[in-house]
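Please keep the sequence and the structure in view while reading.

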Amino acid sequence: MSYIKENLNDVLKDIENACIKANRNKEDIVLIGVTKTVDIPIMEEAIKNGIKHVGENKVQELVKKYEIIGNKVKWHLIGTLQTNKVKYIIDKVDMIHSLDRLSLCKEIDKRAKSINKVVDCLVQVNISKEESKHGIYKEDAVEFIKNISNNFKNIKIKGLMTMAPYVDNPEDARIYFRELKDLSNEIKKLNLENVYMDYLSMGMSNDFKIAIEEGSNMVRIGTSIFGKRNYMK
Ligand SMILES: *Cc1c(COP(=O)(O)O)cnc(C)c1O
């Protein structure tokens, strides 16, 4: 399993180089190891080698792994979240990256309130407007966030998240990252209660270097650390 350590070192080097290029501090970048389909021993290996944040996109998988690994890492729910599953993860997650509709916000707020928790969340924005992608459109973001700020006191908005389209040349993803950064600046200026634009969650294995150059401070990386995923298990 030493490949994990090697892969991780390569990723950290790439993050560092992207930061140098963009004149930024590598300490400002949160690395989320995306562990969907990755088995517990491999996750433990990654944690031993310095991974402090993990991202899962399925509620059941997160719950199962949380029971074993517990809170020695921070847990990020990065995938689409069904409203009826919020109750299973509300006490476990450190951040939800996929706020994309008011019905979901309402449920998260209700469940968080019932355990006296304020949950850190990101609003997922579908910058590229691909139909296959979740998230609200950029044009609707301000209204959506104002609504959350006014109505859901147990949700703290910590920033924005996006997935760029998969492109052969990661340079082609740059415009989408730039648009998300611009949007976050626009929202920051509104000074809304309980709304902070501290995080831009953007960049995956194929495009995280470009995302960092464009202002990302939270990258979600699976394949480059853990290898190609096997969904057949
Ligand atoms: C799977 C996934 C990632 C990681 O993708 P890789 O290309 O394996 O790095 C990042 N974000 C989300 C939302 C994902 O579902």
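Which side chain meets that of Glu 139 in a salt bridge? The partner of Glu 139 is Lys 129, at 3.2 Å from N to O. The model is a predicted one, and the count of salt bridges in it comes to 19.

**Annotated domain**
- The unreviewed UniProt entry places the feature "domain: Alanine racemase N-terminal" at residues 40-228.
- This span is 41% helix and 20% strand, and its end C-alpha atoms lie 16 Å apart.

**The pair Glu 139 and Lys 129**
- Glu 139 belongs to helix H6 (residues 138-151), whereas Lys 129 lies in the loop between strand E5 (119-124) and H6; the two are 10 residues apart.
- Glu 139 counts as exposed, with 53% relative accessibility, while Lys 129 is partly exposed at 37%.

**The pair Asp 198 and Lys 158**
- A salt bridge joins Asp 198 to Lys 158, with 3.3 Å between the closest N and O atoms.
- This pair links distant parts of the chain, since Asp 198 is in strand E7 (residues 195-201) and Lys 158 is in strand E6 (residues 155-161), 40 residues apart.
- Asp 198 is partly exposed, at 37% relative accessible area; Lys 158 is buried because its value of 14% is under 20%.

**The pair Asp 91 and Lys 92**
- Asp 91 and Lys 92 form a salt bridge in which the closest N and O atoms are 3.1 Å apart.
- Asp 91 is partly exposed, at 44% relative accessible area, whereas Lys 92 is buried, at 15%.

Conventions
Residues numbered from 1 in each chain as written. Predicted model: local features only at pLDDT ≥ 70, side-chain atom pairs only at ≥ 80, totals over all residues. Heavy atoms only, no water. UniProt positions renumbered as here; feature names shortened; annotations may be inferred. Helix = DSSP H or I, 4+ residues; strand = E, 2+ residues; numbered from the N terminus. Salt bridge = Lys/Arg side-chain N within 4 Å of Asp/Glu carboxyl O. Buried < 20%, exposed > 50% of the residue type's maximum accessible area, 1.4 Å probe, protein only.
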